Amino acid sequence: MIHAALTAFIIGAVLDLMLGDPGWLPHPIRGIGLLIRRLETLLRRIPHERIAGCLLVCGVLVATVSTVVLSLQWAGIIAATYWIFTSLAVRSLDRESHEVIEALRRGDLDQARALVGRLVGRDTNDLSEADVVRAVFETVAENMSDAIVAPLFYLVLLGVPGMAAYKAINTMDSMVGYKNERYIRFGWAAARLDDVANYIPARITAGLIVLGAAISRLRWRSAIHVILRDAQLQPSPNAGYPEAALAGALGVRLGGLNYYFGRPVEKPFLGDPVEDLESNRFSQVRVLLYLVTAISYAVVGVCLW
């Protein structure tokens, strides 16, 4: 069984690196998203929004875990490989962020704004070039945790059902975890559960970015300093850690003013502006992305052996 889990992980990880998220393959996240929308429509009839939001979380998690367990019983290693493959997003994260940077290098700021809008929740129509670069760097840093380290953490801890449950939690947070009038109460349970689920993985990710910075001869000491000084300043209890690590490793400043649904949100700065936020720094971000991935995969391989 141990070797079956390791085999499924190796094949799933390789498929993700090779294929990313192919449009022809049914993806469970899309199914989970559809379930969330339908349950939201149904549960909105309950007058107590927090209770309705808790029921949403319970319903999505039960449906997700049940589906995974049944598929594992029916298809074994094939199902395990599928769930691992679709729970990781290294290739997609790299490709989609690279497309934004390439649009900037072509001088097509409007296209870059449109593309980065698919990666982040903030308003992107009026972003400057530096703001687009900042958005890319921040989302890559955060997704090193959400799309790589956290799913693998729960794979090792709770197996494939735990990995899929984490992705369901993360998807619920991205869909209903907003702090606006519509979701501040209804999405409370999803947002809080996401905070809990990401608490340890976010800090592991920050440590891996520091290690990657040391291997690639970037500013690893600065990364440690910025994590200790700035990470806890962010309103999110988790996102600030990988973002602070990346900011320190590159010698740039992240954070600042964003707009969400037309409303300004000023976030504390992370890091120091030793160097400018320029698109040509993305090559270093990619190096860190793949070093964090490689180290994570090596650790998981040992744990599943």
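Here are some friendly notes on the packing, the aromatic residues and a few secondary-structure elements of this predicted model.

1. **Ground rules.** In this predicted model, local features need pLDDT of at least 70 and side-chain atom pairs count only at pLDDT 80 or more, while totals for chains, interfaces and linings use all residues. Residues are numbered from 1 along each chain as its sequence is written, and side-chain values use heavy atoms, with hydrogens and water left out.

2. **The main core.** The largest nonpolar core has 68 residues, and Phe 9, Phe 137, Leu 152 and Leu 155 have the most contacts inside it. Helix α7 (residues 129–176) gives the most to this core, with 16 residues. A nonpolar core here is a set of buried Ala, Val, Leu, Ile, Met, Phe, Trp, Tyr and Cys residues joined through side-chain atoms within 4.5 Å. Buried means under 20% relative accessible area, exposed over 50%, and partly exposed in between (1.4 Å probe, protein chains only). Helices (H or I, at least four residues) and strands (E, at least two) are DSSP runs, numbered from the N terminus.

3. Leaving aside neighbours within four places in sequence, Leu 152 is in contact (heavy atoms within 4.5 Å) with Phe 9, Leu 88, Met 163, Ser 296, Tyr 297 and Val 300. Another core, of 21 residues, lies apart from the largest one; Ile 36, Leu 39, Ala 52 and Ala 190 are among its members.

4. **Aromatic pairs.** Rings of Phe, Tyr and Trp (its six-membered ring) pair if their centres lie within 6.5 Å; planes under 30 degrees apart count as stacked, over 60 as edge-to-face and the rest as tilted. By this rule there are seven aromatic pairs. Phe 9 and Tyr 297 are edge-to-face, because their ring centres are 5.4 Å apart and their planes stand at 90 degrees. This pair links distant parts of the chain, with Phe 9 in helix α1 (residues 2–19) and Tyr 297 in helix α11 (residues 282–304), 288 residues apart. Phe 9 is buried at 3% relative accessible area, and Tyr 297 is buried at 12%.

5. **A pair of sequence neighbours.** Phe 153 and Tyr 154 also form an edge-to-face pair, 5.0 Å centre to centre with 90 degrees between the planes. Phe 153 counts as partly exposed at 22% relative accessibility, whereas Tyr 154 is buried at 12%.

6. **Cluster and charges.** Tyr 178, Tyr 183, Phe 186 and Phe 261 form one aromatic cluster. The charged end of Arg 44 sits over the ring of Phe 186, 4.2 Å from its centre, and that of Arg 253 sits over the ring of Phe 269 at 3.8 Å. The criterion is NZ of Lys or CZ of Arg within 6 Å of the ring centre and within 35 degrees of the ring normal.

7. Strands β1 (residues 254–260) and β2 (residues 263–270) pair in the antiparallel sense over six bridges; pairing requires at least two DSSP bridges. Tyr 260 stands opposite Arg 263, and Tyr 259 has Pro 264 as its bridge partner. Two residues lie between the strands, and Phe 261 takes a positive phi near 55 degrees. Five of the seven residues of β1 are buried.

8. **Helix α3.** Helix α3 (residues 49–75) has 27 residues and reaches 38 Å from its first C-alpha to its last, close to the expected 39 Å, which is 1.5 Å times one less than its number of residues. Its buried residues, including Ala 52, Gly 53 and Leu 56, pack against α2 (28–43), α4 (77–87), α7 and α8 (188–215). Just after α3, Gly 76 takes a positive phi of about 55 degrees.
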